[in-house]
Amino acid sequence: MCNGNERRRTKQISHEVKNASHIEEYCKRYQDFIKREIEIINPDVVVWLGIKTYDMKLHIKYLGARCEKDKRYFIIERKKVPILRMWHTSYIYGYIKPLPGYSNKIIGKLCAKCLKELERYNISLFR
């Protein structure tokens, strides 16, 4: 949903990706649209792709998320919607062991990270 990586100048891309200023500018500029889109979708869980931008608390600063200890939530129609802290899907070096059964090591790592995040919020996929 929030993809601010549509850039043309390589030097600018390199600097922006390192400090994530392009994502912050995107959230700042389009915050009303992003908030409305989240409300329309009315998700049960939001997966925030990008550890750096999650840790920058852009979802709190611009998008109205709430913080409870180490967990973050959007409040949508009086419902607490967890915001999962995930690596961006293009990040391949995550320090986590892949889940067994995945022939693609990157996908296995992303799935393991996602399950770990879901556990933080006491969410089970296998009810």
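**Reading a helix and its sheet**

Author: Start where the helix starts. A side-chain oxygen of N104 comes to within 2.9 Å of the backbone nitrogen of I106, at the start of α5. Keep in mind that this is a predicted model.

Reader: What follows α5?

Author: N122 follows α5, and its phi is positive, near 55 degrees.

Reader: Now K113. Is K113 buried or exposed?

Author: Buried means under 20%. K113 has 8%, so K113 is buried. This lysine sits in helix α5, residues 105-120.

Reader: Which residues does K113 touch?

Author: Skip residues up to four places away in sequence. K113 then touches I51, R85, M86, W87 and I96.

Reader: Which other residues of α5 are buried?

Author: Besides K113, the buried residues of α5 are G108, K109, L110, A112, E117 and L118. What covers the buried residues of α5 includes α3 (51-55) and β4 (79-86).

Reader: Let's move to the sheet. What is the strand order?

Author: First the general idea. Strands of a sheet pair through backbone hydrogen bonds, either parallel or antiparallel. Here, four strands form an open sheet in the order β1-β4-β3-β2, with mixed pairing. β1 and β2 (66-68) are the edge strands, each pairing on one side only. On average, neighbouring strands are turned by 35 degrees against each other, direction ignored.

Reader: How many bridges join β1 to β4?

Author: Four bridges join β1 to β4, and the two strands run parallel. L49 stands opposite M86 in β4.

Reader: Where does α5 lie relative to the strands?

Author: α5 lies across β3 and β4, and runs at about 145 degrees to β4.

Reader: Last one: the core. Which residues have the most contacts inside the largest nonpolar core?

Author: They are C27, W48, L58, L63, F74 and I83, in a core of 25 residues. α2 (21-41), β1 (46-49), α3, β3 (71-76), β4 and α5 each supply at least two residues of this core. Take I83. Leaving aside neighbours within four places in sequence, the contacts of I83 include V46, W48, Y54, F74 and Y121.

Methods
Residues numbered from 1 in each chain as written. Predicted model: local features only at pLDDT ≥ 70, side-chain atom pairs only at ≥ 80, totals over all residues. Heavy atoms only, no water. Buried < 20%, exposed > 50% of the residue type's maximum accessible area, 1.4 Å probe, protein only. Contact = heavy atoms within 4.5 Å. Polar contact = N/O pair within 3.5 Å; in protein donor to acceptor, adjacent residues only side chain to side chain. Core = buried A, V, L, I, M, F, W, Y, C linked by side-chain atoms within 4.5 Å. Pairing = 2+ DSSP bridges. Axes fitted to C-alpha atoms, helices over the stretch in contact; angles between N-to-C directions.
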